[in-house]
Amino acid sequence: MAAWKSQVERFCHEYLQLEPSLDFPDDAYLREAEVQDTIFGTIFAEGAVRYSPPPRYRLRVLKQLVARIEASISDWDQHAVSDDLMVALSVLLATPIPPETDSAQQKCYVTYHLSALPRAQPAQPCVTLLENRFLISAAGTTGLRTWEAAMHLGQYLCRHPSIVSGRHVLELGAGTGYLSILCTKHLDAAHVIASDGSDDVINNLPDNFFLNGLQDSPRVVPMDVKWGYALMGTEDEAWNGGRPVDVVLGADITYDDSVIPALVGTLLDVFALHPRVEVYISATQRNIKTFQVFLDKCRLNHLDVEDMRFEVPPRESQDGPFYNDQVAIRICRVCRSQEHGG
């Protein structure tokens, strides 16, 4: 791929993920008509993006893009700003945009490109979600946006697809459903339960299944699972209809030490029902003490925790999804201690 094409693709991927700070292509490329046409046709042309970022964000990025193109041009006889980009900017400038305080309360479309997966023509595989980047629900849930630990665990699974391929997966604290959708849509999981204990989150999941063409799929289902409560079915049916669970996934679910006893209790229930289950937990190391509470609780309950040593890639080498490289994210595999029947 030509250097300018890789820079343009990365810029477009950042834009569709609603990144606050974008890596614009080099000035030497931006002034070229072919580069401007490619950017316009990829993200600004009418119908180019099925689920577009909100108007306020589109306007801000397009203003910055046009300003950078203008600054890159030294010979206006040889180069110019694309008419298409200028028309798109004028249309956005003439479009009423809600106040920023109102925009912050609205859900918006966010598309995450999966650079660790083989490219499927004509585009990189992706997951599109309806999120609220700023809102924490009245119940205090943080599950209305996708967090770094989910993206990082997703990259790990993309690098090791055999973990979930053809297997039955239970995601704890599914949030937006990023990992559940990734496993169903791109990693060929046999069946996925996207579980959460928040009604807000559970009610949001069908919309995100729809955005990824999974609305009629029997292979992924939302489920209300509250940690610390016994996993039970109806009077005459086993939990989960008696189906197996081969893999449990959890991302950013250890951030609150007050819920860790309940979380570990649920893991113990899963191990009791499915002794051969594999558990993968991804945790952003914002508070090392909190994760230590999780480690200690696991040890007290005869669970071994193995660090999978999967480093966060430097930001400049990320091609999607994009996430913070300044905070460590730890991926661990949890299993029952061998001396206690593991």
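Leaving aside neighbours within four places in sequence, L65 is in contact with F11, F24, L30, I39, F44 and L85. Contact here means heavy atoms within 4.5 Å. The model is predicted: local features need pLDDT of at least 70, side-chain atom pairs count only at pLDDT 80 or more, and totals for chains, interfaces and linings use all residues. Residues are numbered from 1 along each chain as its sequence is written, and side-chain values use heavy atoms, with hydrogens and water left out.

L65 belongs to the largest nonpolar core, which has 73 residues. Within that core, F44 and L65 touch the most other members. A nonpolar core is a set of buried Ala, Val, Leu, Ile, Met, Phe, Trp, Tyr and Cys residues joined through side-chain atoms within 4.5 Å. Buried means under 20% relative accessible area, exposed means over 50%, and partly exposed lies in between (1.4 Å probe, protein chains only). A second, separate core has 27 residues, including I260, L263, I281 and F294. In soluble globular proteins, nonpolar side chains tend to be buried together.

Now take helix α3, residues 33–44. Its buried residues are V35, Q36, I39, F40, I43 and F44. They lie on the same side of α3, because they cover an arc of only 130° around the axis. The arc is that of the directions from the helix axis to the C-beta atoms. An α-helix has 3.6 residues a turn, so residues three or four places apart point the same way. The face turned away from the buried side carries the exposed residues A33 and E34. Helices (H or I, at least four residues) and strands (E, at least two) are DSSP runs, numbered from the N terminus.

What do the buried residues of α3 pack against? Their partners are α1 (3–16), α2 (27–30), α4 (55–72) and α5 (83–93). Look at α4. The axes of α3 and α4 come within 13 Å and cross at roughly 180°. Axes are lines fitted to C-alpha atoms, for helices over the stretch in contact, and angles run from 0 to 180 degrees between N-to-C directions. The two helices are therefore roughly antiparallel to each other, a label for angles over 145 degrees. From α3, Q36, I39 and F44 meet R58, V61, L62, L65 and I69 in α4. The residues of this contact divide into six nonpolar, one polar and one charged. Ala, Val, Leu, Ile, Met, Phe, Trp, Tyr, Cys and Pro count as nonpolar, Asp, Glu, Lys and Arg as charged, and the others, Gly among them, as polar.

A67 also sits in α4. At 41% relative accessibility, A67 is partly exposed. A67 and I202 are 135 residues apart in sequence and 42 Å apart in space, C-alpha to C-alpha. N204 lies in helix α9 (residues 199–211). Is N204 buried or exposed? N204 is buried, with a relative accessible area of 2%. Neighbours within four places in sequence aside, N204 is in contact with K107 and L130.

Last, the backbone. Most residues other than glycine have a negative phi, and most peptide bonds are trans. N240 is not a glycine, yet has a positive phi of about 60°. N240 is in the loop between β5 (220–224) and β6 (247–251), and counts as buried at 8% relative accessibility. H302, also not a glycine, has a positive phi of about 60°. H302 lies in the loop between α11 (288–300) and β8. At 37% relative accessibility, H302 is partly exposed. The peptide bond from G320 to P321 is cis, with omega near -5°. P321 is in the loop between β8 (303–307) and β9 (329–336).

Key: Parallel < 35°, antiparallel > 145°, perpendicular 65-115°, else oblique.
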